[in-house]
Every structure is written in structure tokens, then in C-alpha cells.
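Hi,

Here is the structure I promised to pass on. Have a look at it first, and then read my notes below.

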Amino acid sequence: MTLPAILQNLVGNLEAAQAVTPTTDGGDFNFLKLSKHGEWIYGADETEVSGDSAFVIDPASYAQGFIAWEDGELVAEKMAVAGSAPVLLSDLPPLPVGVKWDSQVAFALKGIEGAEEGVQMLYKASSKGGKDAIGTLLAAIIKRAKAGETDLCPVVLLDKSSYKHKKYGKINTPVLTVDAWMEMPEDGAEPEPVAEPEPVAEPEPVAEPKRARRSRKAV
């Protein structure tokens with residue numbers, strides 16, 4: 001199957017960005033992060049993400065670049081979205097002594113289900129665990145596109161894993177679990193869910209169960 005030109009361009013941009021390791025500022029987006037205690041939180045008030053929330057990611061929002069911190073304070077940051085000129089370490093200005101540039105990647109998310117429905121978030125990652133999570137997702141998108149799939153917007157659940165560090169003890173790491181895939185949006189539109197058979201009517205439950213994993217389309 002031949003991909004439409006717009007998707008071919010997207011894949012080319014993502015692969016080019018992937019090979020390099022918005023200028024992205026906050027805008028109307030809430031910054032999303034995994035706390036040291038293993039909770040997904042977002043926004044200035046550090047609201048905890050509800051366990052029943054799911055988010056869609058537009059692959060075109062993928063960005064990569066570099067960030068620098070000193071004693072927990074942001075010193076400088078330079079990011080570029082896929083398709084624009086990549087940020088090269090050699091082009092970045094020098095930093096104060098003892099401060100270094102770290103590579104960073106990012107995706108924009110929008111809540112489509114649960115308590116965070118309609119909330120727009122920006123997830124930036126400069127830690128190994130975060131970059132691995134985004135890298136795995138990016139590779140899956142590119143693989144689907146090359147296989148001829150056109151539903152390239154992953155619907156993700158925010159999960160976590162952990163490992164034991166010899167020095168720091170338990171370290172929580174982010175996991176972006178793909179729950180379904182949605183069609184790419186047209187300009188200015190939101191992603192549309194992939195067509196699926198109409199569900200068979202079921203009796204009303206006595207009590208609402210905990211949210212089950214959906215299956216809009218097999219992953």
C-alpha cells in the first residue's frame with residue numbers, strides 16, 4: 001500500500017529527527033512528568049493524572065533538542081519539531097562552568113478519555129527512561145507507517161516501571177502503553193478514531209467497574 005504524500009512526509013521527518021537525537025515552550029500546554037514517587041503529574045499545581053485517563057499523541061508534534069540545568073534550575077533549552085532544522089550540539093552556545101547540555105525529546109498529548117479529557121499536555125524527557133519511552137513509541141509509529149498503516153496517532157495510557165539502583169534505590173521509569181491507534185488528523189482537525197464494529201448493547205451494570213483497556217484497533 002502506498003502512503004499518502006502527507007504521511008510519507010511525516011515519516012521522512014520523523015526518521016530524520018530520530019537520526020539526530022515547537023521551539024517548544026509551554027504555550028497552552030501543561031507540562032507532564034513522572035514524579036520521583038512514581039505519580040504522573042501535570043500543570044503548575046502538579047495535579048495527579050487520573051487512572052482512567054487516556055491520551056492521543058499527534059506524531060507531528062515530536063520534537064528534539066537539548067536542555068541544560070544547574071542545581072534543579074533551567075539554564076537554557078533549544079528544541080525543534082520534526083521537519084524543521086534539527087538542533088545540533090555544535091551550534092549551541094557555551095554554558096557556565098559545570099553545566100552541560102543534555103539531549104531531550106518531546107511529544108504533545110491530549111486527553112480523550114477520563115478526568116483529563118480535553119486537557120493538552122507536553123511531555124519532555126531528558127532522562128534515559130523518558131527518552132527510551134518516547135523512542136519506543138516513535139519507532140512503533142514509523143514501523144506502522146512503513147507497513148502501510150494510516151492510523152498513526154497512538155492512544156496511550158500513562159504507566160510506569162521501576163528498577164533498583166545500587167546508589168539511589170528504587171528508580172521509577174515512564175511507560176507509554178499503546179492502547180489503540182487513531183487516524184491522522186487533517187490540518188486543524190483532531191484525530192479520528194479508526195472505524196470499528198458497533199458494540200452489542202449490554203445491560204446496565206450495577207456499579208461502574210474500573211476502566212478496562214479498550215481495543216479500538218488491535219495494536
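What follows is a quick tour of the strands, the aromatic pairs and the confidence.

Keep in mind that this is a predicted model. The mean pLDDT of the protein is 80, and 71% of the residues reach at least 70. Of the elements, strand E2 (residues 40-42) comes out highest with a mean of 97, while strand E11 (residues 192-193) is lowest at 51. Two stretches need care: pLDDT is below 50 over residues 19-26, and it stays under 50 over residues 193-213.

Now the strands. E9 (residues 153-165) pairs antiparallel with E4 (residues 54-57) over 2 bridges, with phenylalanine 55 opposite valine 156. E9 also runs antiparallel to E10 (residues 169-183), and 13 bridges join those two.

How many aromatic pairs does the structure hold? There are 2. In one, tryptophan 40 and tyrosine 123 sit edge-to-face, 5.4 Å centre to centre with 70° between the planes. That pair links strand E2 to strand E8 (residues 120-125), across 83 residues of chain, and both side chains belong to buried residues. The other is tilted: tyrosine 62 and phenylalanine 107, at 5.3 Å and 55°. Here tyrosine 62 lies in the loop between E4 and E5, and phenylalanine 107 in strand E7 (residues 102-113), 45 residues apart. Tyrosine 62 and phenylalanine 107 are buried too.

Cheers

Technical notes: Residues numbered from 1 in each chain as written. Heavy atoms only, no water. Pairing = 2+ DSSP bridges. Helix = DSSP H or I, 4+ residues; strand = E, 2+ residues; numbered from the N terminus. pLDDT = per-residue confidence, 0-100. Contact = heavy atoms within 4.5 Å. Phe/Tyr/Trp six-rings, centres within 6.5 Å; stacked < 30°, edge-to-face > 60°. Buried < 20%, exposed > 50% of the residue type's maximum accessible area, 1.4 Å probe, protein only.
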